[in-house]
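The entries follow in the order in which I made them.

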Amino acid sequence: MNNNESLASSILRASGIYSDEQLSRIAAQRASNPGMSLTEAAVKFGGSKELEFLAAVGKTLGMEVVDLERRQPSPEALTKVPASAVYQFNALPIALSDGVLTVVTSDPFDTRAADGLRLIAGCRVRTALAQKEEVEKAVKKYYGVGADAIEKMIEDGRYSVDEEFGAMTKIDVNEMGEEASIVRFVNQIIAEADHQGATDIHIEPQETELRIRYRIDGMLHKVDVPPQLNRLKSAIISRIKVMANLDIAEKRLPMDGRIGIRIGGQDIDIRVSTMPAAYGESISLRLLAKSGSFVKMQDLGFNERDFAVVNKIIHRPNGIFLVTGPTGSGKSTSLYSFLSEVNTMDVRIMTAEDPIEYHMAGINQVQMQADIGMNFARALRAFLRQDPDIIMVGEIRDRETAEIAINASLTGHMVFSTLHTNDAAGAFPRLIDMGVEPFLIASAVAGVMGQRLCRRLCPKCKREVPVDMKYYTLSYPPASPTVFEPVGCDECTRTGYRGRRALFEVLEVDEDIEKAIVQRQNATEIRNISLEKGMKTLREDGWAKAFKGVTSVKEILRVTEEQ
């Protein structure tokens, strides 16, 4: 053990928060993991929380523990240290006073960082402490995600910059090795999106900035990026197009591609869409886990009545079960859940998807390819010669697909599909508008499920409040005197919400509904018949979840309509 190690161990002992037994365990873990720092070992194996450790060691060393949520760095301090050094040492400069730079780090024993920052800043450095995750979050907030890579790209002579338009005009793709800054920046943006649980990344060139946004829990959040990023937008867009095997020279037409990457041991499939816009190409990335764990049907969030009806329908030998709702309402997740429920060795299941979002063992999944004529209708016709028991078609978009699906159900197959309508009852007029005969719809469709997604309240910080009666009508009497509202904490990144929950309305087709369909009654009349038979609307299901503390009243009002 060198002198620095011995001194650090003595400081740890002097802090008074560890027993001799705990200190021995920390030393043993470090001996078996040479790359582990003393701070990391103490926090991980010492039995104390990180904040408690920092407070005790900080008191011993005379280092202040800083709350980075409330302490805002000064502009002078931020410009004193380049982004590359900040990311390298995971240290945030917060104040510059009388020639002394205060830097916040999570490791009080990292003398290498203090010495390096002193040389870079050219002044004395005083160390303050904060939790590691808080330092990382603050660095991204004040310097921007991937700021170190952007800094390196601007310094790099390989890129020529058009000063008039503030954007790169040339990029040598052949020189982009694994360590190249442009590669690292794009990888950081994707990795950060995955870390935050984003489903989409939107890269949008604006007049004065390159705006990057993540869609998290259905809502868009702007990503903190370095201000000079706009100068490099052409390079970033070209790099993504190279990853997706798209033509980087074509900038006038929309293009679609795919990227396959691995993050944290998990394979991620990314769908890429480019669109020419006023200030450059806008790019949207949809992140899909190739082998995600499927949500079990009992975990989707059905009430007792809806669960019983859906369970009965999906186990029928024939018929059509439709899931309706707008894009991004969780229809695919529900369909995969149903398929997982009925996927047994004695059942042959075939799916036509555009695209295949999740790969499921034991199921024959077919990717649609419109450019060679492989569409839903053609796939369905071929399926009928493949002896399937259950068929899933991604979406019914036209009369031909609808008629083949109906014929398949009438000839002894169970068919699952989706339809874009506002509610469950609207599926029948939609099929009639496509040109399908009402008597065929009435005979074939076994049920329709409408669906929406609402954000789920963070269990750590949600707050109970009295019911505000202005939100309710006689149709929706409050089930309890209180509901919950979002607050915001570190666990939910100050939004008050974590994850999403589905709202459902399940319409089962019986004799009365069949008669209404044949008589071409409108969606309102069909809905009223279903309501009399016990169906709960999307908003009613939402109220029930709000009273249970699953979501908030504002979320229900945001995602559902008064019916």
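I began with arginine 126, which I list as partly exposed because its relative accessibility is 35%; by the cut-offs I used, buried means under 20% relative accessible area, exposed over 50%, and partly exposed in between, with a 1.4 Å probe and protein chains only. I note that this is a predicted model, in which local features need pLDDT of at least 70 and side-chain atom pairs count only at pLDDT 80 or more, while totals for chains, interfaces and linings use all residues. Residues are numbered from 1 along each chain as its sequence is written, and side-chain values use heavy atoms, with hydrogens and water left out.

Next I looked up the partner of arginine 126, and found its side chain in a salt bridge with that of glutamate 64, at 3.9 Å from N to O; the term requires a side-chain nitrogen of Lys or Arg within 4 Å of a carboxyl oxygen of Asp or Glu. This pair links distant parts of the chain, 62 residues apart, with arginine 126 in strand β3 (residues 124–129) and glutamate 64 in the loop between α4 (50–61) and α5 (75–80). Helices (H or I, at least four residues) and strands (E, at least two) are DSSP runs, numbered from the N terminus. Glutamate 64 is also partly exposed, at 33% relative accessible area.

Arginine 70 is exposed at 76% relative accessible area, and aspartate 67 is partly exposed at 41%.

Which residues of helix α3 are buried? In α3 (residues 38–45) I found Leu38, Thr39, Ala41 and Ala42 buried, and seen down the helix axis they fall within an arc of 165 degrees, so they line one face; the arc is taken from the directions from the axis to the C-beta atoms. Just after α3, glycine 47 takes a positive phi of about 85 degrees.

Last, I checked serine 337 in helix α13 (residues 331–342), which counts as buried at 2% relative accessibility. Leaving out residues up to four places away in sequence, serine 337 touches Val295, Lys296, Met297 and Leu300, contact meaning heavy atoms within 4.5 Å.
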